[in-house]
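The sequence and structure are shown first.

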Amino acid sequence: MAGKYSREVNEQKSSDGHTVEFRIAKLDQVWNKAKRMQLSPVRQAELHSDLKLQEKDELQWKKLKVEGLDENGEKEAQLRRNFNVILAKYGMDGKRDTRPLESNHLKDHDTIEGDTFEDPRLDKLWNKAKSSGKFSDEEMMSLKREFQHHKDKTHEYNILMDTVSRTEEIHKNVISPLEGDTKEHVLHQRHSDLKQKMTDLNQGFERLRKLSHEGFTTDSEFREPRVIELWEAAKRANLTEDELDSLKEELRHFETKVEKHSHYQEQLELSHQKLQHVESLGDKEHIKRNQEKYNTIAEKTREMGYKMKKHMQDLSNKISREGLEHNEL
């Protein structure tokens, strides 16, 4: 039984001598391919934590499957979809993607003229807010983070929509009478996922529009876009006052985690720049020291990214689950 989950297997070396980073072969292949690509350090760390989360979900699903708890294949289809989204998000799905993938969250401070969010509605709102004189420099940075977050969510929605239409094409061609109902059910689930994401995007845009016109209110509960989004979802989820209070406390802890992760991302970027500078000078001892420091920060950033994404996943599930329970009562 220990088989593929034993320590020896998990820490094995592959035939070319590299340490196996992920227990699931296809995830390990993606990671090794990514290391050969010219991804920025922050983006590479983000990919690592996305793959780690995917690995956790796939290993959990394998247990469910053994217990016969995914009969209609819904969870399996969702995992496959999530994996395709990761590939597309990091430009590894073999398609030429015209949407820019590198988003510069870390360069919030050097706001330049003609910032663009690749969406005319967002650009118009942003330029209006920028020229309104309502916002301090710090508020402009917070507002830009909100806009950037919305842009990233739109990008992920487009990827998901693309993935769904491509898999639908495949299903049309390979459907068999026995599998008809199951596949129909899975496709229906995909469409409700898309519908929910579109609703979230519309609500997010509405919030940005309100923010741009009215400015930040002094009683804002949270600063981070991801946390604000979860809090807004919780307020819509028909929870009791006690549940909301308890969730608010949990979201405060989560926000600290998000901010800590952003701090590590900035440190990683700076450490990479310093390493490049030192490498150009050619002092081997100096390079070795900086490389070690960079590796430590990269490791920590990946770890923080995974913990943050897992916490976000848990909070989203909790809000959906509690909301559903109340709606059923």
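In what order do the elements of the protein chain run from the N terminus on? The order is α-α-α-α-α-α-α-α-α-α.

## Overall fold

The protein chain holds 10 helices and zero strands. It has 329 residues, of which 39% count as buried.

Among contacts in the protein chain with a separation of 6 or more, 73% join residues 24 or more positions apart.

## Confidence

Mean pLDDT for the protein chain is 82, with 79% of its residues at 70 or more. Helix α3 (residues 41-66) has the highest confidence, at a mean of 95, and helix α1 (residues 7-10) has the lowest, at 44.

Residues 1-11 stay under 50 in pLDDT; the model gives them 10 contacts beyond four places in sequence. A further stretch, residues 98-114, is also below 50, and has 32 contacts in the model beyond near neighbours in sequence. Where pLDDT is low, predicted coordinates should not be read in detail.

## Packing of α8 and α9

Helix α8 (residues 225-236) packs against helix α9 (residues 241-281) at an angle of about 165°, and their axes are 10 Å apart. Because angles over 145 degrees count as roughly antiparallel, α8 is roughly antiparallel to α9. The crossing of α8 past α9 is right-handed.

On the α8 side, the contact is made by Arg226, Val227, Leu230, Trp231, Ala234 and Lys235. The α9 side contributes Leu244, Leu247, Lys248, Leu251, Phe254, Glu255 and Val258. By class, this contact has nine nonpolar and four charged residues, and no polar ones.

Technical notes:
Residues numbered from 1 in each chain as written. Predicted model: local features only at pLDDT ≥ 70, side-chain atom pairs only at ≥ 80, totals over all residues. Heavy atoms only, no water. Axes fitted to C-alpha atoms, helices over the stretch in contact; angles between N-to-C directions. Helix = DSSP H or I, 4+ residues; strand = E, 2+ residues; numbered from the N terminus. Parallel < 35°, antiparallel > 145°, perpendicular 65-115°, else oblique. Left-handed = near helix turned anticlockwise from the far one by under 90°. Contact = heavy atoms within 4.5 Å. Nonpolar A, V, L, I, M, F, W, Y, C, P; charged D, E, K, R; others polar. pLDDT = per-residue confidence, 0-100. Buried < 20%, exposed > 50% of the residue type's maximum accessible area, 1.4 Å probe, protein only.
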